[in-house]
Protein chains: 2
Amino acid sequence: MGYNLAPLQNLIDHFERMQGVGHKTAQRMAFYVLGLSDAEAQDFAKAITDAHTKIKQCKVCCNLADDELCPICKSNVRDKSVICVVEDPRDVAAIERTHEYNGVYHVLHGAISPMDNIGPDQIRIKELVARLGDDTVEEVIMATNPTVEGEATAMYISRLLKPMGITVSRLAYGVPVGADLEYADEVTLSRALEGRSLI
Amino acid sequence: MGYNLAPLQNLIDHFERMQGVGHKTAQRMAFYVLGLSDAEAQDFAKAITDAHTKIKQCKVCCNLADDELCPICKSNVRDKSVICVVEDPRDVAAIERTHEYNGVYHVLHGAISPMDNIGPDQIRIKELVARLGDDTVEEVIMATNPTVEGEATAMYISRLLKPMGITVSRLAYGVPVGADLEYADEVTLSRALEGRSLI
């Protein structure tokens, strides 16, 4: 006999499948659900199915959207001549939080990673190239992650786009604001030196 | 404009209401849900409503049950003359994991805590007393938490039961197995000294 009833164990298993959730946390979450009122539990379950059925991909930028187009592609005030290419919808949210960027995005939904069998065809590169057909786009900013895969993806795309006469740029590398130089790794620090600017 | 679409934000909010889940974790969980297949998301939602509708309280011990009685109260091999009183259904699971206890349980669903306006009537003490009407029960083991509230609850119940001629015992205090004496707090250590046994 297990220590938990089947419906409870089932819920624990569901929570435990999430990344970063261990058995104890999953159990605490399941007990949280048991402690909800009936209406709250229904709401919670509905939030899951709703998020899953209502959220699609934007036809233009492949970002998450609850309509044909995402709110950013729909907007009239965004500068359609600059496309910021990111790996993940979460990266869009991160850049939006800076309030510094007024262009549009393109979400690749991954990065080229031969180790994981992810080639250029498995991510949304075709869709990006298709957007560059007319001459509205002037610059593509590669904002893929500063990892081996992100770098490789940025290099691959830049080689693809340069012959099309489009400016391709990359996010600056350097020491993160507020960090301690002492703890910065050598690669970051040498990139920060390379990229130094006049003051 | 928020950075997240309404159905996504709603799901994030639901996850964030769980104890110990911050904004970033809730966001990661919501994206995990988006990454599920339709069937998996339906399953997940169903697990929540199922756990909530199918799990009730055992009529005897107030533990979680998917029937009138919980599996432990139903069992013929458990010794009904010993009742272990715990605060929470999770504590039942913890004690069951020891494989050392063969009696039955009583789940209080809380502890007396005047600070939080929880008095003896807000937890399942009445139900415990009702179980002691016939003479089958010989011992009640107080396994409430070793906190101020758990202590107070154990004291309150023991005063209630002693006049009924029932043996009331309390879990032993001491240093946890595998711990370092150096790091044990003074109260625990002095309790361990008090409760020392001959070897």
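Residues are numbered from 1 along each chain as its sequence is written, and chains are lettered from A in the order in which they are written. Because the model is predicted, local features need pLDDT of at least 70 and side-chain atom pairs count only at pLDDT 80 or more, while totals for chains, interfaces and linings use all residues; side-chain values use heavy atoms, with hydrogens and water left out.

Over all chains, 4 aromatic pairs were counted (rings of Phe, Tyr and Trp, the last by its six-membered ring, pair if their centres lie within 6.5 Å; planes under 30 degrees apart are stacked, over 60 edge-to-face and the rest tilted). One of them joins A:F15 and B:F44 edge-to-face, with 5.5 Å centre to centre and 85° between the planes. This pair crosses between chains, running from helix α1 of chain A, which holds A:F15, to helix α3 of chain B, which holds B:F44. A:F44 and B:F15 also form an edge-to-face pair, at 5.5 Å centre to centre and 85° between the planes. Here the crossing is from A:F44 in helix α3 of chain A to B:F15 in helix α1 of chain B. A:F44 and B:F15 are both buried.

The largest nonpolar core has 44 residues, of which A:F15, A:F44, B:F15 and B:F44 touch the most other members (a nonpolar core is a set of buried Ala, Val, Leu, Ile, Met, Phe, Trp, Tyr and Cys residues joined through side-chain atoms within 4.5 Å). At least two residues of this core come from each of α1, α2 and α3 of chain A and α1, α2 and α3 of chain B. Leaving aside residues up to four places away in sequence, B:F15 touches residues including A:F15, A:M18, A:F44 and B:F44 (contact means heavy atoms within 4.5 Å).

Helix α3 of chain B, residues 38-54, has 17 residues and spans 23 Å from first to last C-alpha, close to the expected 24 Å (1.5 Å times one less than the number of residues; helices are DSSP runs of H or I, at least four residues, numbered from the N terminus). Its buried residues include B:A41, B:F44, B:I48 and B:H52.

Key. Buried < 20%, exposed > 50% of the residue type's maximum accessible area, 1.4 Å probe, protein only.
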